Amino acid sequence: MKERIYLDNAATTRVSEAVLQEMMPYFRETYANPSAIYSFAGEVKKAVGIARERAAALIGAKPNEIYFTAGGSESDNWAIRAVAEGLRDKGRHIITSKIEHHAVLHTCAYLEKQGYEVTYLDVDGEGKVSTEALEKAVRPDTILISVMAANNEIGTIQPIAKIGEIARERGVLFHTDAVQTYGHVPMHAEEMHVDLLSASGHKLCGPKGVGILYIRENVRLLPLIHGGAQERGRRAGTLNVPGIVGFGKAAALAGETMQERAARETALRDYLIDRVLAEIPYTRLNGHRQDRLPGNAHFCFRFIEGESLLILLDQQGICGSSGSACTSGALDPSHVLLAIGLPHEIAHGSLRLTLSAENTKEELDRTVEALKVIVGRLRDMSPLYEDACKA
Amino acid sequence: MYSEKVMDHFTNPRNMGEIENPSGVGTVGNAKCGDIMRMYLDVDETGVIRDVKFKTFGCGAAVATSSMATELVKGKTVEEALQVTNQAVMEALDGLPPVKVHCSLLAEEAIHAALWDYAKKRGIVIEGLKEPAADISETAAPHAPS
């Protein structure tokens, strides 16, 4: 196996050395339960407090608006289900988009079975939600709008501030799944009129299994887990202290480096996109050309299928991902690619490459060279390509 | 996820390509489900498959089952080729993940489609060969996860 090139940073990232070092003492040295009364616990409590401040600072929030969870999916589930349950006497209509993460979509589908009504907003060819369509969709019984800050597959960034403005004007709570933007794109919860925001630690070089739900002050949200006073009684259970400390450190570092890191990743990303589009025919870029996550490149290569592509890339040591049906065990390709209007056969040939601060131009050059060979080889094997060449 | 044999046949597919003026050619599957297989046959006067080639759009299992299917029918008579089942293809590959079983059905169907075309061109009837479905996505559905 050749030296690994990791280009799946939207799936998860490598924990940074500084984050790991910050976490280590909380396993064997400062291990007390932060809820205890003795001074030993006080040190732990203090560390959790610092982490909470750091997590809040990244989105211009107050520390008491941050609730630690076990990750992005938990935060999404909590936000949507608790709003629905808490406001069911006010209304039972929820608005979301067709391209949300399954943590949102499946929660909405669950609520539909419970008698709620959900409007799934269309997106345009670049994956943007129409704010005009959103305005029309709001009804007197609408209790929640949930639209992701940026799409995890195609990287398109949504007009969150505008959506927040509409939600606030119409008196509807606004939740955003910010798992892909938190620590990567500047966000300010209050300025963007966000009421609830989900984020996850392992997307920003923090540990897995820890996330946050931002709950704006004065927003009443039913508890997720009963059984203790932790997280102001809303999410019981002994705190995952090392994870929380790691989250805090990752958030602090992400805040410090964001501008420079985003500029570098954007430049590398554009270099990758330009080379792939110029050097591999019958290829399209998915998602918005400019309003996209700094590290996200997402392509469809016509006449080939994504899983085959991933296996052959893997044989060259390159880690990517695909929205092809075969990688998910379903027959349909990614709901996101279908929502932006791609026909099935094109959607099957997708490839997502997502960068981190650690990736280099040399790695991308090697990836493009490998892609050219692999795509060519799979097309030689493809009856669709044969037909297209003869036509 | 895949057996070594599947990986081998995917990475080094046997009999991949086209046959000019084939005795029979069949294409099955659909792009909607992400699998299309095309099988070319070169059958001699005595009814023996002298050569076989395939082209496949699909996942690793789709390519591997196509490749294995060509190996299993090459050198056989058309009657013998008709007896090659998806089970035989799967066994020869040391198994497939449950969600990929439909790929082996597609490979069997591709052989049948090519044989059907051959029989039609020759104006003969191959005992036991039914007109293949152009698209097996419906029959494959029970094997797909819910």
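Five of the five residues of S7(A) are buried, so the strand is largely enclosed by the rest of the structure. Leu196(A), Ser198(A) and Ser200(A) point one way from S7(A), while Leu197(A) and Ala199(A) point the other way. Strand S7(A) pairs in the parallel sense with strand S6 (residues 173–177) of chain A, over three bridges. Within this pairing, Leu196(A) is the bridge partner of His175(A). With strand S8 (residues 211–215) of chain A, S7(A) pairs in the antiparallel sense over five bridges. There, Ser200(A) stands opposite Gly211(A) of S8(A).

Chain B contains six helices and three strands, and along the sequence these follow the pattern α-β-β-β-α-α-α-α-α. The radius of gyration of chain B is 14 Å, close to the 15 Å that the globule rule gives for 146 residues, so chain B is as compact as a globular protein of that length. Along the principal axes, its C-alpha atoms fill a box of roughly 45 × 30 × 25 Å. Of the 146 residues of chain B, 51% count as buried. Among the contacts in chain B between residues at least 6 apart in sequence, 63% join residues at least 24 apart.

Helix H1 of chain B, residues 4–11, has Val6(B), His9(B) and Phe10(B) as buried residues. Seen down the axis of H1(B), the buried residues fall within an arc of 100°, so they line one face of the helix. An α-helix has 3.6 residues a turn, so residues three or four places apart point the same way. The buried residues of H1(B) pack against helix H9 (306–315) of chain A together with helix H2 (60–73) of chain B.

The contact between the chains takes 22 residues from chain B and 22 residues from chain A. On the side of chain B that touches chain A, the elements giving two or more residues are H1, strand S2 (35–43), strand S3 (49–57) and H2 of chain B. The largest share of this side, three residues, comes from S3(B).

The predictor gives the complex an ipTM of 0.89 and a pTM of 0.94. For chain B the mean pLDDT is 90, and 91% of its residues reach 70 or more. Over residues 136–146 of chain B, however, pLDDT stays under 50. The model has 20 contacts beyond four places in sequence for residues 136–146 of chain B. Where pLDDT is low, the predicted coordinates should not be read in detail.

Terms used
Residues numbered from 1 in each chain as written. Chains lettered and ligands numbered in written order. Predicted model: local features only at pLDDT ≥ 70, side-chain atom pairs only at ≥ 80, totals over all residues. Buried ≥ 20, exposed ≤ 12 C-beta atoms within 10 Å, placed from the backbone. Helix = DSSP H or I, 4+ residues; strand = E, 2+ residues; numbered from the N terminus. Arc of directions from axis to C-beta. Contact = placed C-beta atoms within 7 Å. pLDDT = per-residue confidence, 0-100. Rg over C-alpha atoms; globule rule 2.2 N^0.38 Å. Pairing = 2+ DSSP bridges.
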